[in-house]
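This briefing concerns charged side chains and their partners. Please consult the sequence and the structure shown below while reading.

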Amino acid sequence: MARLVGVDLPNKHVNIALTYIFGIGRSSADGICVKARIDPVRMINDLSQEELNTLRNILESDYKVEGRLRTEVALNIKRLMDIGCYRGLRHRKGLPLRGQRTRTNARTRKGKKKTVAGKKK
């Protein structure tokens, strides 16, 4: 099993296996394969150590991935919360922040339903 930037890559096609790295999607993976001059449909376990080193160098020099990217995203969210803007407040309250309705749905962000007792007359 190949290991790049702290992630064990499964034995799949190179362009699919690269997407297991946080911050690398399909189009980025295809671009990395072109830069490294590696056939995207080769299996990861078939790559030589030199080809793996080439992939490692490209990822470290050209892309912000894994820990660095997670840190940057967390700092961006923290900055929004600190300045108290609308998106920051929604993050703080754990509600959707891109205009979705919350009267129904939004269960992923709001968590499990909390039942409120009915009003007595």
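In which helix is the place of Arg-79? In this predicted model, Arg-79 belongs to helix H4, which covers residues 66-83. The points below begin with that residue and then turn to salt bridges and ring contacts.

**Arg-79**
- Arg-79 counts as partly exposed because its relative accessibility is 45%, between the 20% and 50% limits.
- Between Arg-79 and Glu-50 there are 41 Å in space, C-alpha to C-alpha, and the two are 29 residues apart in sequence.

**Salt bridges**
- Side chains of opposite charge can pair when their charged atoms come close.
- The structure contains 6 salt bridges.
- One of them joins Lys-35 to Asp-62, with an N to O distance of 3.1 Å.
- This pair links distant parts of the chain, as Lys-35 lies in helix H2 (residues 26-36) and Asp-62 in helix H3 (residues 49-62), 27 residues apart.
- Lys-35 is partly exposed at 47% relative accessibility, and Asp-62 is partly exposed at 44%.
- Glu-51 forms a salt bridge with Arg-42 at 2.9 Å, N to O; Arg-42 is partly exposed, with a relative accessible area of 28%.

**Arg-70 and its partners**
- Within helix H4, Glu-66 and Arg-70 are 4 residues apart, about one turn of the helix, and their side chains form a salt bridge of 3.6 Å, N to O.
- Glu-66 counts as buried at 16% relative accessibility, whereas Arg-70 is partly exposed at 45%.
- The charged end of Arg-70 also sits over the ring of Phe-22, 4.1 Å from the ring centre.

**Aromatic pairs**
- A search of the whole structure gives 0 aromatic pairs.

Methods:
Residues numbered from 1 in each chain as written. Predicted model: local features only at pLDDT ≥ 70, side-chain atom pairs only at ≥ 80, totals over all residues. Heavy atoms only, no water. Phe/Tyr/Trp six-rings, centres within 6.5 Å; stacked < 30°, edge-to-face > 60°. Lys NZ or Arg CZ within 6 Å of the ring centre and 35° of its normal. Helix = DSSP H or I, 4+ residues; strand = E, 2+ residues; numbered from the N terminus. Buried < 20%, exposed > 50% of the residue type's maximum accessible area, 1.4 Å probe, protein only. Salt bridge = Lys/Arg side-chain N within 4 Å of Asp/Glu carboxyl O.
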